[in-house]
Amino acid sequence: QLQASGGGLVQAGGSLRLSCVASGSTSSINVMGWYRQAPGKQRELVAIITRDGSTNYPDSVKGRFGISSDNAKNTVYLKMNSLKPEDTAVYYCRSTGVGMDYWGKGTLVTVSS
């Protein structure tokens, strides 16, 4: 249902763009989001975007990360700028809607200092 890609190794201060392609009942999706889980830590919200384009970010990434969507391609992107070592984590894509809650397999982002 969700295929995430775009992770990799980047130096601190660098940028990456993650992509998440949704398939199946995409018309039922109301919100798509990115979450991350660092080793030994709980999974946390990184960014969400609603069907009408509203976005929300936690303070830890606000101003550095940007979520966007291409509805024609059923794809959500996460552009990450000014990356820090503490951004190192497995990033997961999630879609929620009426009667649905799907998680994609994660993509690893490693930020070296």
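Cys20 is at 0% relative accessibility, so Cys20 counts as buried. Keep in mind that this is a predicted model.

What does Cys20 pair with? Its partner is Cys93, with an S to S distance of 2.0 Å. The count for this structure is one disulfide. Cys20 sits in strand β3, residues 16-22, and Cys93 sits in strand β9, residues 89-97, so the bond ties together parts that are 73 residues apart in sequence.

Now the partner. Cys93 is also at 0% relative accessibility, and therefore it counts as buried too.

Next, handedness. Why is this disulfide left-handed? Because the torsion about the S-S bond of Cys20 and Cys93 is about -85 degrees.

On to the core. In soluble globular proteins, nonpolar side chains tend to be buried together. Here, the largest nonpolar core has 28 residues. Which residues have the most contacts inside it? They are Met32, Trp34, Leu78, Met80 and Tyr91. Several strands give two or more residues to this core, among them β1 (2-5), β4 (29-37), β5 (44-50) and β7 (65-70). Others on that list include β8 (75-80), β9 and β11 (107-112). Strand β3 gives the largest share, four residues.

Last, a look at Met80. Set aside its neighbours within four places in sequence. Met80 is then in contact with Gly14, Ser15, Leu16 and Leu18, among others. Its contacts also include Arg64 and Phe65. Tyr91 and Val109 are on the list as well.

Note on methods:
Residues are numbered from 1 along each chain as its sequence is written. This is a predicted model: local features need pLDDT of at least 70, side-chain atom pairs count only at pLDDT 80 or more; totals for chains, interfaces and linings use all residues. Side-chain values use heavy atoms; hydrogens and water are left out. A disulfide is a pair of cysteine sulfur atoms within 2.5 Å. Buried means under 20% relative accessible area, exposed over 50%, partly exposed in between (1.4 Å probe, protein chains only). A nonpolar core is a set of buried Ala, Val, Leu, Ile, Met, Phe, Trp, Tyr and Cys residues joined through side-chain atoms within 4.5 Å. Contact means heavy atoms within 4.5 Å.
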